[in-house]
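This briefing is meant to be read alongside the sequence and the coordinates. Please keep both open while working through the points below.

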Amino acid sequence: MATHRYWRIAVTNTHGDNVVSLEEVEFRATAGGADLTGSGAALGTNNVGYAPSGAFDNNAVTIWAASASLGAEGGVGDGNSSNHMAWVGYDFGAGTPVDVREVLIQSRAGFAGQAPKNILIQFSDDATLWITAETFWDIPAWSALGEARIYTIPEWMDFPYGARRYWRIQFSDSNGDTYIAIPTADFHDKVGGRWLSFAGTASHGHTVGGTAADSFDGYSGSLWAGNKTTWIQFDFGAGVKWEFAELAILSRASPYQAQAPKDFIIQASDDGSTWEDRATISGETGWGAGGEWRYFPITALEPPAEIEIAGTLPAFEGSMSITFDVPVFNIAIAGTLPEFLGSMSIERGVRTMGRISNITTID
Ligand SMILES: [Ca+2]
Ligand SMILES: [Ca+2]
């Protein structure tokens, strides 16, 4: 249960139009539950004369619409850093935060191209820092008649174990050139995901052309280039963390294929100074002449096991061992440990995760 004052739907691509529009949005606490909106205030991007309130008035005739210049390259960006994303949301009011677990989206009749294709469901406590609760990519085309669809939001517990604020690409070699050039580098929260570096700060170690922001803008028409042993990184901002599933890189087209990266390490950090390696890529040669997308998997960090002993250990003689094949970082004993002879050890070994209860005999 995680309640928040503000919730929104952020759209990073449509089904072809540079304007996104919706007839209605409902935020719900449970599947099929009542719409939580009504007593608060609508908010969102409002730049084409269709205010966010049109999405929350229970009237299909009124719409919310906003320009987002989304169509240039499948919504991954258009090179205009201030104009990537449109969003519509709701302020549930001070002191009355809500936990949204289901969202209904009603598309606009007659304007299927304005229906969302990539969306993020986000929450905030101050309407400034927005945390992404769930993403939906490559949403299928919507009926031209207008259509209501339901999206389920998982319970928000915390950032994933390996989520980090800073992500970096540390290069060590190119495909033959003195420099590496990167038109597009997208970190994806899921395999096949989409551009997410819409809010934050890019930086680089060295440049001979462009800035790292040109690599992280989701737009192939701009690029950063620097020496082949430097780095580019993205700071997603204070309070925001991501655990990524893959890095997508678009190489530079002919005659600059030699500026594609060959060897590099994907790194993550919480403070921008201490880095952990998340993926090591080597021997990436043969990039296509037209510019080529390649996708590099990033393995999620597995959290250490956490275990709770909830039962009462009986008195016994002999020894008892509890073994794990992963590091154990927290053991909570909620029951009573009796006096016993012998020894008890907790070691790495056969994996047992979760709660141990109903302990009767241990020999
Ligand atoms: Ca409406
Ligand atoms: Ca670019």
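In this predicted model, Ile9 touches Val25, Trp87, Val88, Gly89, Val103, Ile105, Ile119 and Ile121, leaving aside residues up to four places away in sequence; two residues are in contact if their C-beta atoms, placed from the backbone, lie within 7 Å. The chain holds zero helices and 24 strands, where helices (H or I, at least four residues) and strands (E, at least two) are DSSP runs numbered from the N terminus.

**Conventions and confidence**

- Residues are numbered from 1 along each chain as its sequence is written, while chains are lettered from A and ligands numbered from 1 in the order in which they are written.
- Because the model is predicted, local features need pLDDT of at least 70 and side-chain atom pairs count only at pLDDT 80 or more, whereas totals for chains, interfaces and linings use all residues.
- The pLDDT, which is the predictor's confidence in each residue from 0 to 100, averages 85 over the chain, and 79% of the residues score at least 70.
- Over residues 71–83 the pLDDT is below 50, although this stretch has 35 contacts in the model beyond near neighbours in sequence; residues 347–363 are also below 50, with 36 such contacts.
- Where pLDDT is low, the predicted coordinates should not be read in detail.

**Cores and burial**

- Buried residues make up 34% of the 363 residues in the chain; a residue is buried if 20 or more other C-beta atoms lie within 10 Å of its own, exposed if 12 or fewer, and partly exposed in between, with C-beta atoms placed from the backbone.
- The largest nonpolar core has 31 residues, of which Ile9, Val11 and Val25 touch the most other members; such a core is a set of buried Ala, Val, Leu, Ile, Met, Phe, Trp, Tyr and Cys residues joined through C-beta atoms within 7 Å.
- At least two residues of this core come from each of strand 1 (6–14), strand 2 (19–28), strand 4 (64–67), strand 5 (86–91), strand 6 (102–107) and strand 7.
- A second, separate core of 29 residues includes Phe187, Ala248, Phe264 and Trp275.
- Among contacts between residues at least 6 apart in sequence, 74% join residues at least 24 apart.

- An open sheet of three strands runs in the order 12-16-19 with antiparallel pairing, where two strands pair if DSSP finds at least two bridges between them.
- Its edge strands, each pairing on one side only, are strand 12 (184–188) and strand 19 (293–297).
- Strand 16 (residues 246–250) pairs with strand 19 over five bridges in the antiparallel sense, and Ile249 has Arg294 as its bridge partner in strand 19.
- Strand 10 (residues 166–174) runs antiparallel to strand 15 (residues 231–235), joined by five bridges, and Tyr166 is partnered there by Asp235.
- Eight bridges join strand 10 to strand 17, again antiparallel, with Ile266 of strand 17 as the bridge partner of Ile169.

**Backbone exceptions in loops**

- Most residues other than glycine have a negative phi, and most peptide bonds are trans.
- The peptide bond from Ser254 to Pro255 is cis, with omega near 10°, and Pro255 lies in the loop between strand 16 and strand 17 (261–269).
- Ala127, in the loop between strand 7 (116–124) and strand 8 (131–136), has a positive phi near 65°, and Ala127 counts as exposed because it has 12 C-beta neighbours inside 10 Å.
- Asp138, in the loop between strand 8 and strand 9 (148–152), has a positive phi near 55°, and Asp138 is exposed, with 11 other C-beta atoms within 10 Å.
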